[in-house]
Amino acid sequence: MLNKTEPLKDNITIVGAGPAGATASMFLSSFGIKHTLIDKAVFPRDKICGDALSGEVLPNLKKLNPGLIQELLVQNENCLGSNGILFGAPNGKTLEVPFKSVHSTINHAPGYVSKRIDFDYSLIKLLNPEYCNFLQGYEVKKITKREEEVTLNVINTQRNETYNVSSSLVIACDGAHSIFNKLFPDHKLDARHYCGGVRAYYSGVKGFHKENFIELHFLKEMLPGYFWIFPLPNGMANVGAGMLTHAISSKKVNLKEAMQLAIKNNPSIKDRFKDANIIGNIDGWGLPLGSKKRKLSGSRIILCGDAASMIDPFSGEGISNAMYCGMRAAETARDAVSNSDYSDSLLSGYDQFIYNRLWNELKLSHTLQRLCNYPTLFNFVVNKASKNETFRQTISCMFDDIDLREKLRKPSFYFKMLFG
């Protein structure tokens, strides 16, 4: 709890305790740096999401503590291991791609699916109170930047009382509707690089792959977007749909209705939902996509995760990128504290780290996203690839080896795989 008469002062404040903020906090604690973590919610709390955790979550956890992979994922009853992905083409043909290549040496599932209410809370329980002052139920309402500090005016959402929190550096992990990225002009909402999504939980969905493959179905009635079905523990499924905002607007699409119609009428989908029941409501949210480069930091502020528009343009997955941002933000903050330098010049090294590691993948995903505008070509690629074992194994290797993913952006790769 804050003292209303004495403003809180800390070198570093993290705003938002989702995967990006929790990861940043855990790394700062590992560096022995005290900090304040603020979130407007009280945990456990739900977060509208597809709930998929890609294999890129694993290196972030391993760098922090190798044992966390077992604790948070492998042995966690709220996580379901997934060993691959199924792509459904507009014509109904499917392509199954394992996440692990035949030469993979990992002895656990490379991907996982977990409800955010469970996964995010599992991260919160790892926060170190020796270094992290965690304030739940506090929402940032106003930002005041000065040469020597950033002051946040926050309100306790339960008691409706306001306080000030001042710090030398803010790591902003406050999501798609970040109050901080509004300070950066190139983060203004761009309908070409923003996606609308809807999600619901179902029980009784049939026909999942025996190794719990996640599924992306590019249904002709929902292009340029897709319908997903992700298996969850205890016979549940995360079911949803996503589409670029400019397409939703230009085509006057109601995503909730489109999703329900697909479940009811699409020949590739409807039989699997014959005995299924929806649990709760169909909820919607926005996804700022990482399909264009933006400035990710400025004097005394670093943007992470959804606040930094780091969601994969093709899959819509954002947790792994958010956790990577959190790790790199903590490392940059460590350097800033060590040098007593919170300038744009020093913090810009964070931007370089992020884009050096993620930009090629984001560009590739943007290329694949645009493929959805050409259903005939999409059908052709899936049809050929489903008959080509070399193609499938090569893609599987790419889940294990980041350097191989660059090949996917080259036309010569497709020519060799599909016709060679």
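User: Let's start in strand 7: which residue is the bridge partner of Leu-53?

Analyst: That's Tyr-112. Before we go on: this is a predicted model, with local features needing pLDDT of at least 70 and side-chain atom pairs counted only at pLDDT 80 or more, while totals for chains, interfaces and linings use all residues. Residues are numbered from 1 along each chain as its sequence is written, and side-chain values use heavy atoms, leaving out hydrogens and water.

User: What makes strand 3 and strand 7 a pair?

Analyst: The bridges. Two strands pair if DSSP finds at least two bridges between them. Strand 3 and strand 7 (residues 111-113) have two, in the antiparallel sense, so they meet the definition. The strands themselves are DSSP runs of E with at least two residues, the helices are runs of H or I with at least four, and numbering starts at the N terminus.

User: What kind of peptide bond joins Phe-43 and Pro-44?

Analyst: A cis one, with omega about 0°. Pro-44 is in the loop between strand 2 (35-39) and strand 3. There's also a cis bond from Leu-223 to Pro-224, with omega near 0°; Pro-224 lies in the loop between strand 13 (214-217) and strand 14 (225-231).

User: Why are helix 2 and helix 3 called oblique to each other?

Analyst: Two packed helices are described by the angle between their axes and the distance between the axes. Here the axes of helix 2 (residues 57-64) and helix 3 (residues 67-74) come within 7 Å and cross at roughly 130°. Under 35 degrees is roughly parallel, over 145 roughly antiparallel, 65 to 115 roughly perpendicular, and the rest oblique. Helix 2 and helix 3 are therefore oblique. The axes are lines fitted to C-alpha atoms, for helices over the stretch in contact, with angles from 0 to 180 degrees between N-to-C directions.

User: Which residues of helix 2 and helix 3 make the contact?

Analyst: Helix 2 gives Leu-58, Leu-61, Lys-62 and Leu-64, and helix 3 gives Leu-68, Ile-69, Leu-72 and Leu-73. Contact means heavy atoms within 4.5 Å. By class, that's seven nonpolar, no polar and one charged. Ala, Val, Leu, Ile, Met, Phe, Trp, Tyr, Cys and Pro count as nonpolar, Asp, Glu, Lys and Arg as charged, and the others, Gly among them, as polar.

User: What covers the buried residues of helix 4?

Analyst: The cover includes helix 1 (19-30), strand 3, helix 3, strand 8 (132-136) and helix 7. In helix 4 (residues 116-124), the buried residues include Phe-119, Leu-123 and Ile-124.

User: How many residues lie between strand 9 and strand 10 in their hairpin?

Analyst: Four. Strand 9 (residues 138-145) and strand 10 (residues 150-156) pair in the antiparallel sense over seven bridges, with Glu-139 opposite Ile-155.

User: What is the strand order in the open sheet of seven strands?

Analyst: 6-5-13-14-15-12-16, with mixed pairing. Strand 6 (94-98) and strand 16 (277-288) are the edges. Helix 9 (residues 375-386) lies across strand 5 (84-88) and strand 6, at about 55° to strand 6.

Technical notes. Buried means under 20% relative accessible area, exposed over 50%, partly exposed in between (1.4 Å probe, protein chains only).
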